[in-house]
Amino acid sequence: MKNNRTFVNILRQRSSGILLPIFSLPGPHGIGDLGPSALQFVDFLKAGGQSCWQILPIGPVNPLFGNSPYMSPSAFAGSPLLISPELLVVQDLLRPDETEPPEFSEYCVDYGRAAQHKHKLLTLAWQRFQCRSDRADLLQKFIHGHPWCIDYALFVALKQRYRDKPWYEWPEDIRQRRPEALAQAQRALQDQVDAVVFQQHLFFDQWIELRNYAQIQGIRLVGDLPIYVALDSSDVWANQGIFQLDDSGTPTDVAGVPPDYFSATGQRWGNPLYRWAADETKTRAQLWDWWEQRLRLNFLLADTLRIDHFRGFSAYWAVAATEETAINGRWLPGPGQPFFEEMDRRLGGMSIIAEDLGLITPDVALLRDNLGYPGMNILLFAFDGNPRNSYLPYNMEKNSVVYTGTHDNDTAVGWFLNPEVAWESKQRAKRFVNRPDDHAGSFHQELIHLALSAPSNLAILPMQDVLGFGNDCRLNVPGVLAGNWQWRCAGHYINAEVAAWLHSLTDLFGRLPQALDHQDKDQQDS
């Protein structure tokens, strides 16, 4: 995507941005989406002197996995829940009176009711779309640009046929993707397949409209790329040879992390692992080609990508699928630096943030530094009393991203009020901001001061911390399935007063958008 506009290079110059998932945006339809509230949030960011908007993964979600954006049935598709009904009215696919929503909470996503509401509207839009004379051409054009959608749409239709059973429990000929069985299923399910393609066409049209608007306003989008994909996904079903599976489609080993301070048994995530070490040249080529397609699509959607669990590209923890915990795993080598150098060559450059939290060994730091990728500094992890703690501001490098917290942490105020956090840590945090008090209500502003004043080139602030919200607005508690990914930011909190306060602080700490230098601009325009 060529762009002749001038932007801040958010990874090379002092800048800042806000972390807010799309589903957390305000709006009348039970869940944030790509409609007017998304464009208004871009306006808010510009008024606040910000340079970027960091989001969470935007793929379809599954209630069986708590609607986690990190356990999607597709690494490529967009979530239909994020499609804006208002924009469908603009396209004459819905009438305004048809989009009238039931009453939803403005503070919490109700995934079940929101899905029913959006499904009804998308069904109406599909019926109306089928009356258009150019319908076939539009869908074929989308498929031509997004060939992954062929397998994904058939996967969704087959999930409906087999009552949501996982693909590895489907009939053998479908499970093993025998050509004659797939062709027969495609013919029998063509209407359902076309409806899925239509929804993806809508999602990507709306997303590109949002990204273009953000570019005009000088706001860069920071996407989030999980390293692993869900076992019951179109990606694994359609590309079984690049994953560590047996002949029945069952993983031989699964992903996780070893025991540490936070968990005596480690974390057994259960995702299938990639065949990075495959002996067959064809398999390795298919795996790298799949990653190229995945990265290429994500850089169509975002300017910069945060790669989740970056350490898995250096070495990953493999747990036998028969194990109930992650204790008895083993470290296996990832694809390392040659992989990223090849992807960078194929894509013509990549802007990446390495999520390097957790157990980071010297090989991981070396990979990150050799590639020049900035790592992440989390201020809420800084106050354990260790003067060498890498998250303390005076230990941060310029080539890094500082966060007050992430989607997996307490909010700033929630951390200060959390009885499980040592009082000494809270006192130490207050000393760093020169506030010898025990007030929780101002702690978010104090931590934001610390983040914006830090040496890191980029500072990212979760919207909950900008607004001073507590842990009732926390996005996720790792290891807990229910009750996550629900917080929404009511519209009246996203206002001119907050934007003015943000702008003032951003200006104070030298993070307002600046023009690119000549070298960066040449790279941006290439």
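**A walk through the core, helices and rings**

Let's start in the middle: the largest nonpolar core of this predicted model has 158 residues, and those with the most contacts inside it are Phe41, Trp53, Trp207, Trp291, Phe313, Phe340 and Met463. Helix α8 supplies the largest share of this core, with 11 residues. Take tryptophan 207 as an example of who meets whom. Setting aside neighbours within four places in sequence, tryptophan 207 is in contact with Ile22, Leu34, Ile55, Ile58, Leu221 and Leu301.

Two other names from that list, Phe41 and Trp53, bring us to the aromatic rings. The structure holds 50 aromatic pairs. Phenylalanine 41 and tryptophan 53 make one of them, an edge-to-face pair with 4.8 Å from centre to centre and 65° between the planes. This pair ties together distant parts of the chain: phenylalanine 41 belongs to helix α1 (residues 36-47) and tryptophan 53 to strand β2 (residues 52-54), 12 residues apart. Both phenylalanine 41 and tryptophan 53 are buried. Now compare the rings of tryptophan 167 and tyrosine 168: their centres are 5.7 Å apart and their planes are at 80°, so this pair is edge-to-face. Are the two partners buried or partly exposed? Tryptophan 167 has 0% relative accessibility, so it counts as buried. Tyrosine 168, at 28% relative accessibility, counts as partly exposed.

Stay with helix α1 for a moment, where serine 37 lies too. With a relative accessible area of 12%, serine 37 is buried. Not counting residues up to four places away in sequence, serine 37 touches Leu25 and Pro26. Its C-alpha atom is separated by 9.6 Å from that of isoleucine 22, which is 15 residues apart from serine 37 along the chain.

Next, helix α10 (residues 281-301). At 1.5 Å a residue, its 21 residues should span 30 Å, and the end C-alpha atoms are 31 Å apart, which agrees. The buried residues of α10 include Trp288, Trp290, Trp291, Arg294, Leu297 and Leu301. Arginine 294 lies over the face of tryptophan 291, at 4.9 Å from the ring centre. Elsewhere, lysine 426 lies over the face of phenylalanine 416, at 5.9 Å from the ring centre.

Helix α3 (residues 111-129) can be checked for length in the same manner. Its 19 residues, at 1.5 Å each, should span 27 Å, and the end C-alpha atoms are 26 Å apart, which agrees. Which residues of α3 are buried? They are Tyr111, Ala114, His117, Lys118, Leu121, Leu122, Ala125, Trp126 and Phe129. The spacing in that list is worth a look: an α-helix has 3.6 residues a turn, so residues three or four places apart point the same way. As for what covers the buried residues of α3, the cover includes α2 (85-90), α4 (135-145) and α8 (190-216).

Finally, have a look at strand β4 (residues 253-257). This strand is mostly covered, with 5 of its 5 residues buried. What does β4 pair with? One partner is strand β7 (residues 315-320), paired with β4 in the antiparallel sense over 4 bridges. Within that pairing, aspartate 253 has alanine 320 of β7 as its bridge partner. Another partner is strand β5 (residues 267-272), joined to β4 by 3 bridges and running antiparallel to it. Here the bridge partner of valine 254 is proline 272 in β5.

Key
Residues are numbered from 1 along each chain as its sequence is written. This is a predicted model: local features need pLDDT of at least 70, side-chain atom pairs count only at pLDDT 80 or more; totals for chains, interfaces and linings use all residues. Side-chain values use heavy atoms; hydrogens and water are left out. Helices (H or I, at least four residues) and strands (E, at least two) are DSSP runs, numbered from the N terminus. The expected span of a helix is 1.5 Å times one less than its number of residues. Buried means under 20% relative accessible area, exposed over 50%, partly exposed in between (1.4 Å probe, protein chains only). Contact means heavy atoms within 4.5 Å. A nonpolar core is a set of buried Ala, Val, Leu, Ile, Met, Phe, Trp, Tyr and Cys residues joined through side-chain atoms within 4.5 Å. Two strands pair if DSSP finds at least two bridges between them. Rings of Phe, Tyr and Trp (its six-membered ring) pair if their centres lie within 6.5 Å; planes under 30 degrees apart count as stacked, over 60 as edge-to-face and the rest as tilted. A charge sits over a ring if NZ of Lys or CZ of Arg is within 6 Å of the ring centre and within 35 degrees of the ring normal.
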